[in-house]
Structure formats: C-alpha cells, structure tokens
Amino acid sequence: MADTPSIVWFRQDLRLADQAAFAAAAADGPVVALYVLDDDAPGDWRIGGAQRWWLHHSLQSLGTSLAALGVPLVLRRGNAVEQVARVAAEVGAARVHCLSHYEPWWRDAEAALARQLDLVCHPGYLLIDPDAVRTGAGTQFRVFAPFWKALSAKMPPDRPRAVPGKVVGAPHPPEGDGLDSWTLLPDKPDWAGGFKDWQPGEDGAAAALHAFSDMVVTYKHDRNLPSTNGSSRLSPHLHMGEISPAAVWHAVADGDGAEPFLRELAWRDFTSNLIIQLPAYADTSGLLKMEALPWRTGPAADADFRAWTRGQTGYPIVDAGMRQLWHTGWMHNRVRMLTASFLIKHLLLDWRRGEAWFWDCLVDADYGNNSTNWQWVAGTGIDAAPFFRIMAPLSQSEKFEAAEYIRRWVPELRDLDDDVIHDPHQADAAPAGYPAPIIGHREARERALAAMRTVSALPSPS
Ligand code: FAD
C-alpha cells in the first residue's frame, strides 16, 4: 500500500459494491473520491433536466455511503479533464481509477487524461468489455441477434464483488463544491413532484432489483402491458451505475423465464457497441440515405410537436405516454415505441426532435440507448425496423390492454369503458375538452409512405 493517494473518478457508476475503480483505488492506498459535473464536453447531450434531479439524489446517497467509510466525496464542476488533472496535482495522486464509459465525450476525456497521468480504466459499466465480443471477421457487431448469441456464449459475468473491507481516506482531501450550489433540483416550478416513487442511489437500486426478482417469471408477457408493472424499472439505476449489470444478471439468471429479461439487459451492451462505432449516432442517421427524408418544419409542425410533448394529440395511448413521461421521468417501453413512432410517422417530424425531448425528460436518458431506440423506430438506423412499418396506436392500445394506463394518465377519459377508451372519437364518446385527433391514422400513414417514396427514389450513397 502506497502513502500517496489514488483518485477514484466517479461518473455513471455511482456505487461502492462491484465498482472495480473504487476497489482498485482502495487497494492502492488512501482514496480521494471525485465527481465532476461537466456540462460542456457533452455539448447538446449534457445531462438533461429530469436526470439532474436523479443525479442530485444519487450523489447525496453516494456521499453518505463514502462518508461512513471516512472518505468525503469531492464535487467539482467544469471541464472533466481539467478538473481531474487539477485534483490529481493538488493531492499529489499517483494514479486515477475509473470505470470505462462509451459516450464519445467520455472516450475523448479518457484518452486526453491517459496522455497526462496514470489513468486506469476498469470494466464494469456493461456485462462484458466491448472488445471481448467480436464477429468472426474480428469487427464489432451492428446487428443485435448475432451480438446476443456471441455475448450470451460468454456469460455469466464475474460474480459481483462486495464493497472493499478496508478503505482509507486521504488525510488532506481537496476542497469541493456543495451539492446544493449546483442547483440540480427544479425550483420554480418544482415539476418533480411526480418523481417521489423513485429512490435514487445504491440502496434504491438494490430494492428495485429485489422487488423485480419475483416478477421475472412473468416478464416475457407482462413487460408489454402498460397497465401492469411488468418490467424492472432498473433503467435509471443502471444508467447511473448504482448497480452493476453483473449483479442484475446473477440475481435473476437462474430463475424461470430469465432469458427474455437478460436479452433486454444485453441491449445496453449492444447500444454501447454501436456508439463506439458510430459516435455521432444521436445526431446522424445510421442509414445516410434517410437524411433526405422530407421532415415537416414551420409553425404547423411546431404546433404539432408541442401537442405531442404535452400529451394533447387526441390519441389516448400517445397522450398517456407523454404525460407519464412528464410526470414521472419514465415511460413504459411499448409506449415509448408508440409515441416515438407517432411523432416520426404520423406527424412526420424529425426523430431528433423527439430524441432531444426524451433526453430532457427521462430520468434514464442514456446516449446509446436513446439514440439507438429512436433510430430503430424511425427506420433510419442500423438494424432498425423499416420506415414503412408504421405502428397503429389505436389497435396497439387495445391489443396491449392499455385501458387502465390511459385512465391513470389521461383523467379526462377516466369514465370511459374499455371498448371505447382506445379510440373515443370513433365511438363519439370523447368528453368535451379532450382534443380531436391531430391527424387521421390513414391520412398520416399515406403521408409518411409518400415521404418515404421520395427517399426510395434516390440513388443509394456509395
Ligand atoms: P426492463 O424491461 O426491465 O429491462 C431491463 C434493462 O434492460 C433496462 O433497465 C435497460 O437498461 C435495458 N433495456 C431494456 N430494453 C432496452 C432497449 N430497448 N434498449 C436498450 N436497453 C434496454 N432506455 C434507456 O435506458 N435510456 C433511454 O434513454 C431510452 N430511450 C428510449 C427511447 C425510445 C424511443 C425507446 C423505444 C426506448 C428507449 N429506451 C431507453 C429503452 C427502454 O424503453 C427502457 O430501457 C426501458 O423501458 C426501461 O424500463 P425497465 O428498466 O423497466 O426495463
């Protein structure tokens, strides 16, 4: 054990258990725990509004756990590379430990820091290091099905490690900011009242996993039903790294019906693999030809976008989803697909507008997951559903038994029976005040297909 301190640089890995960087720093000698809020390097993809709320509480929880071990959590704000290097110089750190992250700005920061100091990047954000899953030709995968086959052949991941037994704080930790000075929480207005059911932090993640472990057996069926609590709701915890994916894997893998869930869990790994290959995936279509889609713009398009964000489209399932998102910072996966498809195909609005809205509103906003899923729905991505596959929100609402979900999030429709609630206008049952459909399904479908035909007519870029 050395006397010089090591820094553990926390990012989207706000936990102490199964945190290889923290364990390695503790084994090195005295520990300085550092978190840097960098709002510049990610550009437009800086942490969004809802996730800032989550971050505040997650840092508070991590700070409390570290303090119990005698290690203060040092908070700094600014360019992450500069701040990490500055703190290293201030404390005379021999080494900096971190978990690897795959967002383009984090990869750049890791490369820049590695040129300046002894930076050790550990695995642990994903189930498996992206370099360890390759095609027969040695390249990274761009299609999920063979990726899953290759990944699952290398599972299970290593068993999660407990919090290190011996941790020593640095005798002279550097000064840091007070968390409240970052004003991560909304104030006027406080729109986070509906977030109260979440419990950010490592304990909250463990509790969510525990609650889900009994539900794995019904996951395959129930995950598709918006009215049922059928999925794990681990996404914000996983994004913030409050629990390791290995811990999640081992908690459920031996139970009946685990495979469909583990397959979804592996999507995180896949989207990280994609953004390593295509760092601008949140901004640029994977299929370059799709950049020519004639998206609607102008005042009418803007008004439609506003109606979509506010849950005022006249399509109950879409409105329920958009209101759930606004109130809770989360939306059911099936409804994410429907609302995204509605924006892109029914309203013919650029998928990037919806992606940015989700980014700001989701507590689980994740660069890889958000961009890959938006591009999947839009048909602009690699390994995406084709553009001409247009989801029918009214019949999907019925098929996936969304009546209770609609009643919860669109209270104007609370009194409608199951047989009319999915399409109240058709049955002439819509109450006064609930908007008429923003566009008819058939008309929207024809407009979207016509737009697609203009692209199909173009020669493919070589
Ligand atoms: P579960 O069904 O319990 O799945 C377990 C975990 O697997 C999730 O927590 C998540 O980490 C991962 N996972 C599941 N489905 C997917 C998927 N399709 N892609 C990637 N990972 C997945 N997920 C995010 O984490 N962040 C996002 O920003 C995000 N944006 C999305 C945008 C759109 C348009 C769509 C259609 C989906 C998006 N998803 C995103 C994927 C998915 O909707 C959420 O991961 C899921 O709803 C989270 O709920 P859960 O934790 O209960 O998931």
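**Figure 1. Lining of the second largest cavity in the predicted model.** Two helices, α10 (258–277) and α15 (367–378), each supply at least two residues of the lining of the second largest cavity. The biggest contribution is that of α10, with four residues. By residue type, the lining divides into four nonpolar, five polar and three charged. The space in this cavity amounts to about 80 Å³. The structure shown is a predicted model.

**Figure 2. The largest cavity.** A search of the whole structure gives two cavities of 30 Å³ or more. The volume of the largest cavity is about 200 Å³. Its lining is made up of 19 residues, and Gln12, Tyr35, Ile47, Trp105 and Trp106 are the ones nearest the centre. Elements that give two or more residues to this lining are β2 (31–37), α2 (49–68) and α4 (104–116). The largest share is that of β2, with three residues. The lining of the largest cavity comprises twelve nonpolar, three polar and four charged residues. Rolling a probe the size of a water molecule over the atoms shows where empty space is left.

**Figure 3. Helix α15 and its surroundings.** The twelve residues of α15 reach 16 Å from the first C-alpha to the last, close to the 16 Å expected at 1.5 Å a residue. Nine of the twelve are buried, so α15 is largely enclosed by the rest of the structure. The buried residues are Tyr367, Gly368, Asn370, Ser371, Thr372, Trp374, Gln375, Val377 and Ala378. Their cover includes α4, α10, α11 (299–310), α13 (333–346) and α14 (351–361).

Figure 4. At the start of the helix, a side-chain oxygen of aspartate 366 comes to within 3.1 Å of the backbone nitrogen of glycine 368. Just after α15, glycine 379 has a positive phi of about 75°.

Figure 5. Methionine 155 and proline 156 are joined by a cis peptide bond, with omega at about 5°. Proline 156 belongs to the loop between α5 (144–153) and α6 (202–213). Most residues other than glycine have a negative phi, and most peptide bonds are trans.

**Figure 6. Aspartate 18, a residue with positive phi.** The phi of aspartate 18 is positive, about 50°, although this residue is not a glycine. Aspartate 18 sits in the loop between β1 (6–10) and α1 (20–28). With a relative accessible area of 16%, aspartate 18 is buried; the cut-off for burial is under 20%.

Figure 7. Glutamate 401 is not a glycine, yet its phi is positive at about 50°. The loop that holds glutamate 401 runs between α16 (393–399) and α17 (403–409).

Key
Residues are numbered from 1 along each chain as its sequence is written. This is a predicted model: local features need pLDDT of at least 70, side-chain atom pairs count only at pLDDT 80 or more; totals for chains, interfaces and linings use all residues. Side-chain values use heavy atoms; hydrogens and water are left out. On a 1 Å grid over the protein atoms alone, a cavity is a set of points where a 1.4 Å probe fits but cannot get out, and a pocket is an open set with protein on both sides within 12 Å along at least five of seven lines; lining residues have an atom within 4 Å of a point. Grid points are joined across faces, edges and corners, and a volume is the space filled by probe spheres set on the points. Ala, Val, Leu, Ile, Met, Phe, Trp, Tyr, Cys and Pro count as nonpolar, Asp, Glu, Lys and Arg as charged, and the others, Gly among them, as polar. The expected span of a helix is 1.5 Å times one less than its number of residues. Buried means under 20% relative accessible area, exposed over 50%, partly exposed in between (1.4 Å probe, protein chains only). Contact means heavy atoms within 4.5 Å. A polar contact is a pair of N or O atoms within 3.5 Å; within protein, one must be able to donate a hydrogen and the other to accept it, and residues adjacent in sequence count only if both atoms are side-chain atoms.
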